[in-house]
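Thanks for sending this one over. Here are my notes on its charged side-chain pairs, point by point.

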Amino acid sequence: MIPHPTFELKEADVIQHGIDEVRRPLFLMMAIVATAMSLGCGGSIPSTEPTQTKGTVVVYSALDEEFAKPILTRFAHDLQIEIPAKYDVESTKTVGLTNEIIAEAIRPRCDVFWNNEILNTLRLKDRGLLAPFDPSHASDLPPVFRDPDHTWYGFAARARILLVNTKLVPESQRPSKIADLTLPKWKGKIGIAKPLFGTTATHAACLFAAWGDEKASKFFKDLKANEVQVLSGNKQVATAVGSGRLAFGLTDTDDAVGEIQAGSPVAIVYPDRDPDQLGTLFIPNTIAIIKGAPHAETARRLADHLLSAEVESKLASGPSAQIPLLKGVAPPPNIETPATVHPMAVDFGSAAKIWDRVAAFLAGEFAG
């Protein structure tokens, strides 16, 4: 979204143009309203011009505000910079901010994009909207989680898992793979987040890339025929399982851990985890710097700090229990990692390239 222009009215201008005392209050009021619109409409962030004493870096974050804000606040203090941040909403996770960055491409407002997944970051790269940078710890990341062109880096992953209500589903009947969502015995008792946004959309595109169109489209049609409950987000899926509204659902580890910490009768199942199966999908957070960023130098400083063992440790030990990808960072307790569970082999680049086609198919099946 391109912001409305901000109007500045000077006394000399009023005199020069001969505006009389009757018209002046009306013009001032119009200026005030226009300025307010430029700062407040559509969730826009305030002006981010740097001051003489501090740098500024504007962050768009798709990671939940409750997890990202404490880290950004800490670094704002440590680096002595201002970090105005804009957070995505659950109903349009990731896609909302991605579309804003695309809309603002001619005149970027965002400096650093902290995405809670990877495919929309790759979509921005494909549009030429990311700038290369080289963080200090890039070599400590597995190659699959760093861009060979240096435009994005992955860290702090989450696993896509099945969360099961242990009171409704005995251990002997627990699902073991995502295909179990289509079994007739679970008709109307299972749930997913709306597969048009966030990690659920990412997961769908990865399945199309791994399985091919025919098998993947059949899976989602079968899921719909099995009366899957489509909720607004992964957190809502986890909550519905915890409360007993659903027998089990497809969600992320961070939302599943939230239900475990709340004492809900749930258990995590890492789907397709055996070596001869599809594998569990691990989706990283990603950090990227926007091409033409207004505060590029400060953006590189912040990005370097975010891609650090300190941040991964905080996210791992915090309530989101995110899975570190940097070497030497301890994982959260009782959470599986790509080293302990067979991970899904996926070409994120290929999945990003078919994103639009997959999104159109999913919209046709689930937009209502």
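1. A word on terms to begin with: buried means under 20% relative accessible area, exposed means over 50%, and partly exposed lies in between (1.4 Å probe, protein chains only). This is a predicted model, where local features need pLDDT of at least 70, side-chain atom pairs count only at pLDDT 80 or more, and totals for chains, interfaces and linings use all residues. Residues are numbered from 1 along each chain as its sequence is written, and side-chain values use heavy atoms, leaving out hydrogens and water.

2. The structure holds 18 salt bridges (a side-chain nitrogen of Lys or Arg within 4 Å of a carboxyl oxygen of Asp or Glu). One of them pairs Arg123 with Asp356, at 3.7 Å between the closest N and O atoms. Arg123 sits in helix 5 and Asp356 in helix 13, 233 residues apart (helices are DSSP runs of H or I, at least four residues, and strands are runs of E, at least two, numbered from the N terminus). Arg123 counts as buried because its relative accessibility is 12%, whereas Asp356, at 55%, counts as exposed.

3. Next, Asp252 and Arg160 meet in a salt bridge of 2.9 Å, N to O. This pair links strand 10, which holds Asp252, to strand 7, which holds Arg160, across 92 residues. Both Asp252 and Arg160 are buried.

4. Do look at the loops too. Glu336 forms a salt bridge with Arg273, with the closest N and O atoms 3.4 Å apart. Glu336 lies in the loop between helix 11 and helix 12, and Arg273 in the loop between strand 11 and strand 12. Glu336 is partly exposed at 22% relative accessibility, and Arg273 is partly exposed at 33%.
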